[in-house]
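This report covers selected features of the structure shown below.

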Amino acid sequence: MKIVGEKYARSDGVVKVRGEALYTTDLQFPGMLFGAIFRSPVAAGRILHLDISAAENSPGVHKIITASDAPRHRHGLVVDDEQIFTSSDITYAGEPIAAIAATSLAEALAALKKIRIEIDEITPIVDLHEAIDPKCRLIHQGWKDFGAPEELFRSNNIVGQMVYDDGDVDKILNGSDFVIENEFVAGRQYQAYMEPKGVVASYENGRFTVHVSHQFPFNVRDRLAKALGIKSSAIRVVGHHIGGGFGGKLDLGIEPFACVLAKSTGRPVKLIQSRAEDMATCPVRENAIIHLRTGVNRDGQIIATDMDVIMDAGAAAGDTPYLSSIPLFLAGAPYKSGRTRVRCRVVYTNTPSTGAFRGVSGTYINFAVERQMDEIAKVIGMDRRQLRLKNLLHDGDCFLNGQVLSDASILDEAFALVESRAPWTTTGKGKLRGVGIAAAVWLTNPLPGSATMKLNEDGTLGLITAATENGSGAVAMGLRQIAAQEFGLEPDDVLISMPDTDVAGYDAGSQGSRTTHVVGRAIQEASIELRSKIISVAAEVLEALPGDIEIVDGQVGVAGVPASRIPLSSIAIAAKSMAGPLVATGSYRTPAPEYNHQCATGLLFTTFPTLTYHVHLAEVEVDPATGNTTVLRYIVAQEVGKVVNPDGVRGQIQGGVAQGLGYVLYENLDIGTDGKYRQKTLEAYRLPIAGDIPEVEIMLLEHPDLAGPHGVRGVAEPPIVPVAAAIANAISDAIGAPLNTIPVRPIDVLDGIRWAQEVHPDRQV
Amino acid sequence: MKEFVSAQSIDEALDTLSRFGDDCLIMAGGTDIMIQQRTGDIDPRRYLHIERIESLKGILVDEKILIGSTTSHHSIVSSKNLQRLCPGLVSASATVGGWQTQEAGTLGGNICNASPAADTIPSLLAANALVHLKSSSAERTVRLDEFIVGRRMTSRLEGELLVAIEVEALPANASEVYIKVGPRSAMEVALVGLAVRISISPLGIVENVAIATCSVGPKPFRAIAAETAILGSQLEDEAVMNAVSELTQEASPMDDFRASARYRKQVLGSALVNALNICQLQHKLREQS
Amino acid sequence: MKLSLTVNGRQESLDVEVGTSLLHVLREQLGLTGTKEGCAEGECGACTVLRDGKPIDSCIMAAHACEQSEITTIEVIGDSPDHPSELQNCLVESGGIQCGFCTPGFVMVLTALLKVNAAPTDAEIKHALAGNICRCTGYAQIIEAVIATAKTHQ
């Protein structure tokens, strides 16, 4: 029976379509209180006076907690620069100062309004160039004392820097036929998962139980332990259906507040963020500035690259210091970069902190690299696609870290596939129409995962894992089908538990397309053990040699004797009176590829394992009256290793492209001089709607990854990576002017049209 | 304790209004009010819910067109009569939010909310709309451009209820259009909204024209100078350019996170050119048939 | 203040504070958590319910304004727990569901659409969905599900 590769409906489809799936926001517990967080109204300053007395006497209030009665030490994912509550320095608007538990949410919110605070306000630092200046006021006075890895090379407001240098880059640039220099700017993007963050925490018998719709329950456990200063075993994190995450639900969020309130009241406390609060305070994709100089020979060969990146961490580092490594990989892929220097600095500002969002950093670094390719082509008078093919990586070429890309020639195939669908020389022609192309190489996150499998007494398979179903289908389709395939069962006969850190082995969460690949392998490892246990029981029951036993289509029998087959259920029942219940476990972590450990300083993210390859093509039309862009056609060629479920793969690519389209055309969190976002609601933050998204034409490549289950590579994360570049390149092509800022605003398009007409009055647009 | 009065008749509503006056917030579909209340912008003690009053709903086509104040956007969009007699309003109503908002939101609510970006108002202004107001002691009819006095401000008096909106039907030889500018395919707050109603003679001369806008000033307005620039013309380039120049001069758009004032002004001019082109095309098609 | 409300065919008598949204009453007082809050300002459509058969955003609908209305929520769409509606089946089959948080709202709007238009075009479906945001799917498989539903009715 072939299950992997086939179309099966997802396991949670029916409960979701009927509204029966419970998300954190739907949970109720006896005696449950409702929480609310009092946050700083300003972005920078010092608290002079805090008065909670009126709020404490407000109806329904059980408890108000401030810094004075909560753990006060610093904690963080990479740098210990966060604290549960601030008692003096304010580093961003929205920084938590107090938390309230009340009988109802309305009472908690009413009490919130009665807290009085006096702040000595100072001008927030929001500009990256200002913040990075060594003479700038420090965002964190005590930064030197924060716990942090030494490899971050922190100084003043710089919280992480990665430097790579081949040497002599300036010399080679100066000697090249052409030097193309551009600056690219990217704004912040909000994950806008449809379920705002929420948590329900309780405290019994010295342990916390934390119910949360989270992509990474074990990270919640470990980060909470650090924040609360307790053992991680004192925390149990229970996962629930997740209303979207896209990276936004990977790090610790508002869980500590629910925990401190639950402990102090002795009641379960539910804390649900409003959309406005979620948008104003949660870590979003960072804004960045990329300066790029490329030396190119007359024949189109790139011989030198100098990339300088500044990323905005906001007021807390979060995972952004890790991301400073990403430019190293993308500066030298998918195109050879020649002699190269890459510097990336991550900088504190008085703004809400930034963090993971699908395609971390890759979206805008790829945008810079791919926009630059178009600008190079223009300057040297070469076809844009030809220039790309000339500089494309091939089998055996390396990333800048020395890691060998053994199968990079897949990129050639992907370019050819796109060409077969949309011939370059005839696509995107016509008045104010344009075509753009962009390619990318991306990784599959290697972090560890595990699976426990049991054969139930009715012949079904139980799968216990902390892998999370964030909506992608990686669990509800991918893992279910991989597990079913191992025993020839129907996918419906595989029952998967919700994540629970008390029950399941460690899992590194739904990030970097890792779940199907890594946990799929863990399932295969567990299956080897489970099968051998089944076989040894079956051998006894069937009175045959273990070597002669086979498991076929959910049945066990002697090989070559179909009449001997008995259902798996009878083996599970028999096992109870023989070797005991049939349970097995498996674990996996992708081995790290070899790389040059001395290649760079500050490289925290050292390799790109389990590569995927991508070529995107966009065809657009621009409205000269409004500067608005319509994406007429969008084509994706993607290497996936092996399709597990075609609907799942399609949904990830279509959805990733939609998020990329929003990123480049509509979405932006503008930071005001007050350090707050100017967009405060979904009415102001424009997410793409059904009429904005074309149906993506998808062409898949399936070169199996030798380590992946059935050859699977990651699928879900990277479809967003080249979208901004492909669409911006298409718009630039349509109007004849460069567009180097994300998002591409209608005014930029109108200005571009005018610029192009002034520069090239004879060009027809 | 807060109070919610759901009136079943105009008399009952007027009676409540006469007793409580401005201490009583009139609610129809409530789509704007509920948001303003949740964000704390308003905190009314008493609501007068008028959506259940049957006589405030519906579209009456006689010598004039009367639209009940609580007629939903969806009803306007679906009205065969309005599609024929007031197509500009129909297309404007079709751009108010999504389907859900069009079911709940009402024409009277859109007017009384008096947002600078109110989609329906430019088309109503172009159709010389009048608003019919009633109180327990009096009735009056006011021109819409006099009713809307500023950003989120109307000249509705204490105790008055907006009962109906009267519009002039599109004359037989006329065309009209509403152009809304925003980046997405729908669900936009207008960055610029522009309504044009124009009558062109068989000889191609502009006999009558109305141009009205939203989102380019503190309140939607009729652009009289721009109208004058093309009245009597044959929509030759010079006249159109003059109208564009008058219109953009009269506009005083805001810079905000949605768009810059510079963008709004630039796009406003293009929108007028586009609107006139569309109307002229419609005129030509009519002449041919 | 007292409120009597007909929800999913049942008459409910409740005490509800004036100004409370219909969504809050459904979720917090009646325990009907299938209807979701995504934005609380009528932008995302996750809270869509039918009021007298018409789709509305329950987050910006005053509960007291529904006193004489029939409210229908996701909980009664489909014939029984074992039998989702044809549209629901098609959404599951097409892969038009990912995180699922927006899904009940989409089901409500599309149920209303198919009632007034049994065979909507691609453009008509997109128009009807203007007020519903899905962040996961990019919409294509949702639209396909509606077209598949219409086909089963032919």
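## Fold of chain B

In chain B, 61% of the contacts (heavy atoms within 4.5 Å) between residues at least 6 apart in sequence join residues at least 24 apart. The model is predicted: local features need pLDDT of at least 70 and side-chain atom pairs pLDDT 80 or more, while totals for chains, interfaces and linings use all residues. Residues are numbered from 1 along each chain as its sequence is written, chains are lettered from A and ligands numbered from 1 in the order written, and side-chain values use heavy atoms, without hydrogens and water.

Chain B has 12 helices and 14 strands, taken as DSSP runs numbered from the N terminus (helices H or I, at least four residues; strands E, at least two). Its radius of gyration, over C-alpha atoms, is 19 Å, close to the 19 Å from the globule rule (2.2 Å times the number of residues to the power 0.38) for 289 residues, so chain B is as compact as a globular protein of that length. The C-alpha trace of chain B spans about 65 × 45 × 30 Å along its principal axes. Of the 289 residues in chain B, 57% are buried, meaning under 20% relative accessible area with a 1.4 Å probe, protein chains only.

## Interface of chains C and A

Contacts link 44 residues of chain C with 52 residues of chain A. The buried area (accessible area, 1.4 Å probe, lost by the two parts on being put together, summed over both) is about 3,800 Å², and carbon and sulfur atoms give 55% of it.

Four salt bridges (side-chain nitrogen of Lys or Arg within 4 Å of a carboxyl oxygen of Asp or Glu) cross this interface. Arg135(C) forms a salt bridge with Glu667(A), with the closest N and O atoms 2.7 Å apart. Helix 2 of chain C gives the largest share of the side of chain C that touches chain A, five residues.

## Surroundings of Thr73(C)

Thr73(C) lies in the loop between strand 5 (70–72) and helix 2 of chain C. At 0% relative accessibility, Thr73(C) counts as buried. Beyond its neighbours within four places in sequence, Thr73(C) is in contact with Val7(C), Asn8(C), Leu26(C), Leu32(C), Thr35(C), Val49(C) and Met108(C). Leu32(C) is 41 residues from Thr73(C) in sequence, with a C-alpha to C-alpha distance of 8.0 Å.

## Helix 16 of chain A

Helix 16 (residues 568–576) of chain A has buried residues including Leu568(A), Ile571(A) and Ala575(A). Among the elements covering the buried residues of this helix are helix 14 (474–487) and helix 15 (514–542) of chain A.

Technical notes:
Buried means under 20% relative accessible area, exposed over 50%, partly exposed in between (1.4 Å probe, protein chains only).
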